[in-house]
Amino acid sequence: MSSSPPSRIRTAAFGTAAIEQLVNPGPQIVALFGTGKIAHEIVPMLAAALDVKELRVTSRREESMRTFVAAHAPKLSFDVRVVPEPARAIDGADVVITL
């Protein structure tokens with residue numbers, strides 16, 4: 001099922017607003033499961049709303065993870081890494097997002 005751009009933006013914005021209210025202050029390590037369209041929308045919102053220290057990206061396909069990181073890392077002021085193993089992605093993470 002494909003979602004429209006306004007729907008993706010709204011979903012990412014609501015998710016970011018909820019996360020912002022739930023996290024402790026300070027630098028956050030974020031584990032992101034998924035590299036789809038909503039994931040592309042939520043990353044810049046998280047960067048604007050949170051003090052992100054590191055973003056760990058995991059997905060089923062390594063190619064998708066690498067493409068996603070390559071698209072976002074140059075625009076962000078924190079580390080963005082491919083982490084193919086889900087257990088490693090969540091180890092020590094402050095926030096876990098599944099999309």
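Mentor: Begin with contact, which means heavy atoms within 4.5 Å. Keep in mind that this is a predicted model. The buried residues of H2 pack against helix H1 (5-22), strand E1 (28-33), strand E2 (52-58), helix H3 (62-72) and strand E4 (95-98).

Trainee: Which residues of H2 are buried?

Mentor: They are Ala39, Ile42, Val43 and Leu46. An α-helix has 3.6 residues a turn, so residues three or four places apart point the same way. Compare that spacing with the numbers of the buried residues Ala39, Ile42, Val43 and Leu46.

Trainee: How many residues does helix H2 have, and what does it reach from its first C-alpha to its last?

Mentor: H2 covers residues 37-49, which makes 13 residues. The helix reaches 19 Å, close to the 18 Å expected at 1.5 Å a residue.

Trainee: Now the sheet. What is the order of its strands?

Mentor: To read a sheet, follow which strand pairs with which. Here 4 strands form an open sheet in the order E3-E2-E1-E4, and the pairing is parallel. Strand E3 (79-82) and E4 are the edge strands, each pairing on one side only. On average, neighbouring strands of this sheet are turned by 20° against each other, direction ignored.

Trainee: Where does H2 sit relative to that sheet?

Mentor: H2 packs on the sheet and touches E1, E2 and E4. Its direction makes about 175° with that of E1.

Trainee: How many bridges join E1 to E2?

Mentor: There are 6 bridges between E1 and E2, and the two run parallel. Ile29 stands opposite Glu54 in E2. On to the next pair: E2 and E3 are also parallel, over 4 bridges. Glu54 stands opposite Asp79 in E3, and Leu55 has Val80 in E3 as its bridge partner.

Trainee: Is E2 mostly covered or mostly open?

Mentor: E2 is mostly covered, with 6 of its 7 residues buried. A residue counts as buried if its relative accessible area is under 20%.

Methods: Residues numbered from 1 in each chain as written. Predicted model: local features only at pLDDT ≥ 70, side-chain atom pairs only at ≥ 80, totals over all residues. Heavy atoms only, no water. Expected span 1.5 Å × (residues − 1). Buried < 20%, exposed > 50% of the residue type's maximum accessible area, 1.4 Å probe, protein only. Pairing = 2+ DSSP bridges. Axes fitted to C-alpha atoms, helices over the stretch in contact; angles between N-to-C directions.
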